[in-house]
Amino acid sequence: MIYRGFILAGLAGGLLCPSAAWADNGLQLDVSGGGSYERNPFLLPGDDTDSGAAYIQVDPTYRLTSKVSTVSIGGTLRAEKYFRRYDENLSARLGIDASRRVSSSTTLRGRFAARTSRTTALDFFSAPGALGPGSVPPVLLPDVTVAGNSTRTTELQAGMGFDLDLSQRDQLSADLAASITYFSGPSMSDFRYGSATVNYSRKLSERSSLSFSVRVGVFDYLDRTADDGVTYTPTVGLTTTLGPRVTLFVSGGASVSRVKRIDGSNFSTVAPSLQGKVCYRSENGSTCANAAHDSQPTGLSGLSTVSNFGVSVIRRLNAKDEFSAYASYTLTTRRPEALTTTPAADLLTITGTYSHDLSKKIAAFASPSYTYLTGTGTPRHSNPGMRIGLRVRFGGIE
């Protein structure tokens with residue numbers, strides 16, 4: 001199922017290419033660079049962990065559209081040179097989203113994402129736009145079990161799906177997704193994950209709709225058969241608008257899991273599957289809060305229960321100044337049947353960015369941040385930090 005997901009995603013890319021002429025909406029390239037100082041950039045144990053760094057980052061964005069299709073490509077490439085203690089660090093992310101309306105009632109979707117990073121504290125910031133426009137959402141919740149290991153993580157994701165309007169009030173959608181995750185550290189476990197989701201939604205009124213969803217997920221650790229398993233997750237969701245500026249989505253259900261033990265037998269567990277998001281949008285920006293709780297595989301092997309809470313704020317203060325902030329707290333609970341006895345990690349991340357346009361293409365910015373890792377069984381310093389720099393923009397998206 002895992003490899004079929006990647007193959008199907010590739011086929012979907014061909015199907016999504018329209019016969020109509022493309023309209024080039026433009027290429028936008030942001031190049032930024034500057035310096036940073038962090039107390040514990042890799043969240044390692046010990047007292048001697050601080051370092052300054054110089055960095056350069058490139059964020060390309062490209063979009064093509066036609067009357068029936070849209071393709072968006074976005075990415076980030078960041079290189080850092082530490083002044084002491086640490087080697088150079090390179091992080092890269094790429095996201096591709098494609099959609100095509102094949103009839104008045106049917107839309108096809110395809111996506112692909114790739115990332116590689118050495119799990120610095122900065123890599124866990126997942127504020128909106130962190131992957132650049134055109135990025136795709138993750139298949140799984142953030143896996144913070146790799147935090148504090150200075151481990152390079154490489155992940156590939158692919159997916160495809162469709163939306164079908166059954167009537168003016170009813171819609172059916174289906175998605176296939178697959179991912180594969182590799183770790184450079186010897187204590188981590190590479191794994192594959194695939195899922196199939198079917199969702200039915202019905203419009204209750206002009207403001208609200210009700211949805212019913214079933215997801216089947218399969219996870220496979222590459223170095224063994226123990227801890228492999230499958231999850232079945234039915235949920236019920238509600239989407240509504242609370243006035244002209246506020247949208248709310250909540251869903252709840254149960255995740256029923258069956259996991260293989262080291263002796264070849266299986267054990268089953270049941271855990272809540274919950275998700276919620278509320279957003280306030282205005283002419284000057286947006287404020288969103290989200291929460292999620294689910295069972296999934298992690299890099300420490302075995303099924304874990306992951307809870308994630310986040311808040312994001314984006315504000316355009318005036319014609320030249322913009323402020324954004326993001327806070328996230330992720331908790332991971334180890335299942336008692338898992339092979340490893342290594343404690344799971346909990347991670348708090350907070351970051352803010354203030355930018356000022358010096359000209360139409362050049363902006364100066366300052367970005368304070370704070371990261372705290374706990375629950376690993378080894379005391380370590382938190383990571384307050386500051387980044388400053390300049391950003392130059394080439395081109396633009398229409």
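**Exercise 1. How many aromatic pairs does a search of the whole structure find, and how is the pair of Tyr-82 and Tyr-86 classed?**

Step 1. Rings of Phe, Tyr and Trp (its six-membered ring) pair if their centres lie within 6.5 Å; planes under 30 degrees apart are stacked, over 60 edge-to-face, and the rest tilted.

Step 2. Tyr-82 and Tyr-86 are 5.4 Å apart centre to centre with 70° between the planes, an edge-to-face pair.

Step 3. For Phe-183 and Phe-191 the centres are 6.5 Å apart and the planes at 35°, so this pair is tilted.

Step 4. Ring pairs also join Phe-42, Tyr-82 and Tyr-86 into a cluster.

The model is predicted: local features need pLDDT of at least 70, side-chain atom pairs count only at pLDDT 80 or more, and totals for chains, interfaces and linings use all residues. Residues are numbered from 1 along each chain as its sequence is written, and side-chain values use heavy atoms, with hydrogens and water left out.

**Exercise 2. Is Phe-183 buried or exposed?**

Step 1. Buried means under 20% relative accessible area, exposed over 50%, and partly exposed in between (1.4 Å probe, protein chains only).

Step 2. Phe-183 has 10% relative accessibility, so Phe-183 is buried. Its ring partner Phe-191, at 3%, is buried as well.

**Exercise 3. Where does Thr-153 lie, and which residues does Thr-153 contact, leaving aside neighbours within four places in sequence?**

Step 1. Thr-153 belongs to strand β6 (residues 153-165); strands (E, at least two residues) are DSSP runs numbered from the N terminus.

Step 2. Its relative accessibility is 3%, so Thr-153 is buried.

Step 3. With those neighbours set aside, the contacts (heavy atoms within 4.5 Å) of Thr-153 include Arg-115, Val-146, Tyr-182 and Phe-183.
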